[in-house]
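Hello,

Here is the structure I promised to pass on.

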Amino acid sequence: MFGPPGHAYVYLVYGMHACLNVVTELDGSPAALLIRAVEPLAGIDRMRAARVERAGSNRRATPPERAAADRARIERIPDARLASGPGLVAAAFGLDNGWTGTDLCDPSSPLRFEMDPALAGDPAALGDSAAPAVVATPRIGIGYAAEPWASRPWRLSLAGHPSVSGPARQR
């Protein structure tokens with residue numbers, strides 16, 4: 001989290017769920033943005049396989065029937081929901097804390113930001129009517145935080161998008 005902006009910072013929550021953050025401030029200033037969800041556009045079969053692998057690796061031993069149940073459950077997940085939570089983003093991409101420091105803005109990086117292919121030409125040409133509505137809401141899972149931090153609208157998402165994380169009533 002103290003690295004250069006645009007680099008990955010991956011940490012474990014509860015010692016088992018990796019979360020991907022993007023460093024947002026200058027080197028030495030601890031600030032990052034948590035990636036809560038990703039819309040799968042390509043590599044969906046690999047994402048499912050990574051989710052199945054992660055489901056089994058979170059346990060000491062996975063009996064064959066449990067592995068089959070995990071695989072069947074993950075196969076039923078709609079594509080848009082494969083990476084619809086911070087731990088699911090890391091699981092779908094096979095991320096662990098070894099990815100910390102990866103430059104997410106480098107076009108040659110194995111983990112990087114890319115423009116939606118539909119917008120790759122000239123995003124401005126789509127006009128305002130095609131731009132998705134960005135909504136700001138309070139963050140999720142920080143009910144323990146004191147005010148004003150618990151209610152600050154620092155969680156940004158696309159209104160009504162099927163890949164947005166969190167409880168259905170908040171999507």
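Two residues are in contact here when they have heavy atoms within 4.5 Å. Please keep in mind that this is a predicted model.

With that definition, Asp 103 touches Gly 6, His 7, Ser 109 and Leu 111, leaving aside residues up to four places away in sequence. Asp 103 sits in the loop between helix 3 (86-93) and helix 4 (127-130). The C-alpha atoms of Asp 103 and Ala 8 are 6.5 Å apart, although 95 residues separate the two along the chain.

Glu 25 is another loop residue, placed between strand 2 (17-23) and strand 3 (32-34). Again leaving out residues up to four places away in sequence, Glu 25 touches Gly 3, Pro 4, Pro 5 and Ala 31. From Glu 25 to Met 1, which is 24 residues away along the chain, the C-alpha separation is 8.8 Å. Glu 25 is partly exposed, at 39% relative accessible area.

Now to the helices. The axes of helix 1 (residues 44-57) and helix 3 come within 6 Å and cross at roughly 110°. Angles of 65 to 115 degrees count as roughly perpendicular, so helix 1 is roughly perpendicular to helix 3. On the helix 1 side, the contact involves Arg 46, Met 47, Ala 50, Arg 51 and Arg 54, and these meet Leu 88, Ala 90, Ala 91, Ala 92 and Phe 93 of helix 3. Seven of the residues in this contact are nonpolar, three are charged and none is polar.

How many salt bridges does a search of the whole structure find? There are four. One of them pairs Asp 79 with Arg 48, with the closest N and O atoms 2.5 Å apart. This pair links distant parts of the chain, as Asp 79 is in the loop between helix 2 (64-75) and helix 3 while Arg 48 is in helix 1, 31 residues apart. Asp 79 is partly exposed at 37%, whereas Arg 48 is buried at 7% relative accessibility.

Arg 73 is partly exposed, with a relative accessible area of 36%, but Asp 70 is buried at 5%.

Arg 112 and Glu 114 also meet in a salt bridge, at 2.8 Å from N to O. Here Arg 112 is partly exposed at 33% and Glu 114 is exposed at 59%. As for shared partners, salt bridges join Arg 66, Asp 70 and Arg 73 into one network.

Glu 147 and Pro 148 are joined by a cis peptide bond, with omega about 10°. Pro 148 lies in the loop between strand 4 (134-137) and strand 5 (155-158). Tyr 14 is not a glycine, yet its phi is positive, near 55°. You will find Tyr 14 in the loop between strand 1 (8-13) and strand 2, exposed at 74% relative accessibility. The search of the whole structure finds zero disulfides. Cys 19 is buried at 5% relative accessibility, while Cys 105 is exposed at 53%.

Best wishes

Methods
Residues are numbered from 1 along each chain as its sequence is written. This is a predicted model: local features need pLDDT of at least 70, side-chain atom pairs count only at pLDDT 80 or more; totals for chains, interfaces and linings use all residues. Side-chain values use heavy atoms; hydrogens and water are left out. Helices (H or I, at least four residues) and strands (E, at least two) are DSSP runs, numbered from the N terminus. Buried means under 20% relative accessible area, exposed over 50%, partly exposed in between (1.4 Å probe, protein chains only). A disulfide is a pair of cysteine sulfur atoms within 2.5 Å. Axes are lines fitted to C-alpha atoms, for helices over the stretch in contact, and angles run from 0 to 180 degrees between N-to-C directions. Angles under 35 degrees count as roughly parallel, over 145 as roughly antiparallel, 65 to 115 as roughly perpendicular and the rest as oblique. Ala, Val, Leu, Ile, Met, Phe, Trp, Tyr, Cys and Pro count as nonpolar, Asp, Glu, Lys and Arg as charged, and the others, Gly among them, as polar. A salt bridge is a side-chain nitrogen of Lys or Arg within 4 Å of a carboxyl oxygen of Asp or Glu.
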